[in-house]
Amino acid sequence: KNINDLCEKLIDVMKNKNNNVFLILSGSFNVLLSLDNSEPVAILSAGQSIGEIAIIDHQPASAFVKAAEDSQILLIEEEVIWSLIGSSHAIANNLLLILSQRLRHGNSVINKIKSLLKEYEHNATIDALTSLYNRRWLDNMLERVMQRCHKNKEVLSVMMFDIDNFKNYNDVNGHLAGDLALQTVSKTIVQYLRPEDLVTRYGGEELFALLPGIAKEDAISIAERLRQAIKNTTIEDKDGKTLPTVTISIGVAEMRDKDDSHQLIGTADKAMYKAKNSGRDKVCG
C-alpha cells in the first residue's frame, strides 16, 4: 500500500480498539504521541510489528503510527496470532522479546521526558545571565515564604539592590562589560549572604533578596557590608582585563503583619530609591 493509504488505515485503527497485528515487510513507520507531534518517539522498520500490545490488553492504542515512506505491511488477525502463539514456542518467545523491547524503550522515553521536564523547570525559574532565581520564581514563592514566616512567628527582611548609573556603564564600557558587572554583583551578594537567603534578579540591573529570620536592623548592617564589598570588588573580562568597578544602592524592609507581597516589595523599592536619590552608593531602610 502507498503511504497515504497506510496512514489512513493505521490512524483509524489507533482511534479504536485494535484486533490486528501489522508486520512491517518494507519501509518504515514513525511512532507519535499525538497526530500533530512532528517528533517521533520511535521509528519502526522492516521486521518489526505494530499493534501487538493492543491485542493483549484490548485497550485503545496509546500512540499513533504513521508511515514515513511508501511501505508494505502484512495484516494478521488476532485469532491467527493466538493460534500461532499456542502452537509455536518460538513465536511466543519472539512476542515476549518484542514486548520486553517495547517496555525498555518506553522506560527510556519516560526517563528522557523527566529529564527534559527538569531542564524546562530549571530554565523557567533561573535567570540565564546571573544564575539567580528570576522574577517568575519570586512571583510564585514570595507569598509562600511570607506565609511560612508568619506561621513560624519568624521575622523576614528583604533587600532591593540597584546598580548605580548602570545605563551609563553600559554606554561607556559596552553591554558585555555590563553583563560582567551584573554577574560580579550577583556572585558577591550570594557569597555574602547565607545559604538559606534567596536572591533573585528582579529585572534589568535590579536584584532582590529574602532574608528569613533576619530583623531589619541586622539586615541594614548586612546590606552595608555588601555595599562596601561590591564597591571594592574587581570586575574582569575573560582576558583578565580590569573593568571599572560599580556601586549599588540598597533598600531594606521588614515584613509587617498586614503586608502582602506587593506591599513588602513596594516598601523595599521606596527605600532603594531613597538611597539613590540621596546620592547613591547608600543603604536606606
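How many bridges join strand S8 (residues 198-203) to S9, and do these strands run parallel or antiparallel?

Reply: Strands S8 and S9 are joined by 5 bridges and run antiparallel. The model is a predicted one, in which local features need pLDDT of at least 70 and side-chain atom pairs count only at pLDDT 80 or more, whereas totals for chains, interfaces and linings use all residues. Residues are numbered from 1 along each chain as its sequence is written, and side-chain values use heavy atoms, with hydrogens and water left out. Strands (E, at least two residues) and helices (H or I, at least four) are DSSP runs numbered from the N terminus, and two strands pair if DSSP finds at least two bridges between them.

S9 itself is mostly covered, as 7 of its 7 residues are buried, where buried means under 20% relative accessible area, exposed means over 50%, and partly exposed lies in between (1.4 Å probe, protein chains only). Both of its faces are covered: Glu206, Phe208, Leu210 and Pro212 are buried on one side, and Leu207, Ala209 and Leu211 are buried on the other. For the protein chain, 39% of the 285 residues count as buried.

Helices H7 and H8 come next along this account. The axes of H7 (residues 175-192) and H8 (residues 216-231) come within 10 Å and cross at roughly 140°; such axes are lines fitted to C-alpha atoms, for helices over the stretch in contact, and the angles run from 0 to 180 degrees between N-to-C directions. H7 and H8 are therefore oblique to each other, since angles under 35 degrees count as roughly parallel, over 145 as roughly antiparallel, 65 to 115 as roughly perpendicular, and the rest as oblique. Their crossing is right-handed, the near helix being turned clockwise from the far one by less than a right angle. Contact here means heavy atoms within 4.5 Å, and Val185, Thr188, Ile189 and Tyr192 of H7 meet Arg225, Leu226, Ala229 and Ile230 of H8. By class, this contact has 6 nonpolar, 1 polar and 1 charged residues, with Ala, Val, Leu, Ile, Met, Phe, Trp, Tyr, Cys and Pro counted as nonpolar, Asp, Glu, Lys and Arg as charged, and the others, Gly among them, as polar. H7 also holds Leu176, which counts as exposed because its relative accessibility is 62%. The C-alpha atom of Leu176 is separated by 8.7 Å from that of Asp237, although the two residues are 61 apart along the chain.

The axes of H5 (residues 135-151) and H9 (residues 261-277) come within 9 Å and cross at roughly 100°, which makes H5 roughly perpendicular to H9. Leu138, Leu142, Glu143 and Met146 in H5 meet Ser261, Leu264 and Ile265 in H9, and this contact has 5 nonpolar, 1 polar and 1 charged residues by class.

There are also open sheets to describe. S1 (residues 20-26) is joined to S6 by 6 bridges, with Ser26 standing opposite Gln72 of S6.

S2 (residues 28-32) pairs with S3 over 4 bridges, and Ser28 stands opposite Ser45 of S3.

Taken as a whole, the protein chain comes to 9 helices and 13 strands.
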